[in-house]
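Please keep the structure open alongside the text.

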Amino acid sequence: GNRARGILTHRNTLIEHCAFANQSHAAILVPSEAGSPEGPTVRNVTVAHNDIRNTGRIGRPGGAIQVAGLSVGEDGKVRFAPEPVNAGVRIIGNTIVDAGTSAVEIGETRDVTVASNRIERREGPAIVLRNVRTAKVTDNTCIPPGRMVVTDTPSGEVTFSRNSGLLRDGA
């Protein structure tokens with residue numbers, strides 16, 4: 001554990017069979033920063049079979065695993081990108097317990113898979129998808145039951161199947 005995030009990554013990354021505990025922020029933070037020297041857009045990131053516990057202790061918004069597409073406006077302010085700028089994110093087979101505001105939050109991304117994860121005891125929605133395309137959410141378990149919130153995403157872009165205890169927003 002530490003007072004910030006566990007891992008910061010951007011491209012061609014496999015984070016597998018790791019344990020994260022007591023992070024003040026996200027265990028795994030995957031941001032793109034268009035127009036910033038800190039990082040490119042996100043491509044080909046897989047987070048699989050990890051044990052993540054007690055994250056997001058400072059109460060800031062965001063998931064235990066967080067992917068976001070950021071852009072810098074002419075006014076110099078950082079905001080979410082208006083279109084998906086990231087691609088190829090897979091969150092598979094993780095155990096996420098006591099995640100601050102949510103377990104998984106993915107935004108501004110194409111080709112998303114969230115599958116076979118076990119999510120226990122989080123404060124807010126289990127999964128948050130914002131401005132995604134071609135997303136598959138399958139075979140996840142949520143205890144106690146929780147919600148998947150989808151915003152800024154056209155109809156038909158999220159496939160939702162065979163989840164236990166995970167309710168699609170509005171269901």
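Predicted model: local features only at pLDDT ≥ 70, side-chain atom pairs only at ≥ 80, totals over all residues.

**A buried alanine, its sheet and the core**

Ala115 is buried, because its relative accessible area is 10%, which is under the 20% limit used for that term.

**Surroundings of Ala115**
- Ala115 belongs to strand 12, which covers residues 109-115.
- Leaving aside residues up to four places away in sequence, Ala115 touches Ile91, Ile92, Gly93, Thr138 and Asn140.
- Between Ala115 and Ala48 there are 67 residues of separation in sequence, while their C-alpha atoms lie 9.6 Å apart in space.

- An open sheet is built from six strands in the order 2-5-9-12-15-17, and their pairing is parallel.
- At its edges are strand 2 (11-16) and strand 17 (158-161), each of which pairs on one side only, and the twist from one strand to the next averages 5°.
- Strand 9 (residues 86-92) runs parallel to strand 12 and is joined to it by six bridges; Ala87, for its part, has Arg110 in strand 12 as its bridge partner.

**The nonpolar core**
- In soluble globular proteins, nonpolar side chains tend to be buried together.
- The largest nonpolar core here contains 32 residues, and Ile28, Ile106, Ile127 and Leu129 are those with the most contacts inside it.
- Ile106 touches, among others, Val67, Val89, Ile91, Val112, Val114, Val128, Leu129 and Val132, as well as Arg130, when residues up to four places away in sequence are not counted.

Conventions
Residues numbered from 1 in each chain as written. Heavy atoms only, no water. Core = buried A, V, L, I, M, F, W, Y, C linked by side-chain atoms within 4.5 Å. Buried < 20%, exposed > 50% of the residue type's maximum accessible area, 1.4 Å probe, protein only. Contact = heavy atoms within 4.5 Å. Helix = DSSP H or I, 4+ residues; strand = E, 2+ residues; numbered from the N terminus. Pairing = 2+ DSSP bridges. Axes fitted to C-alpha atoms, helices over the stretch in contact; angles between N-to-C directions.
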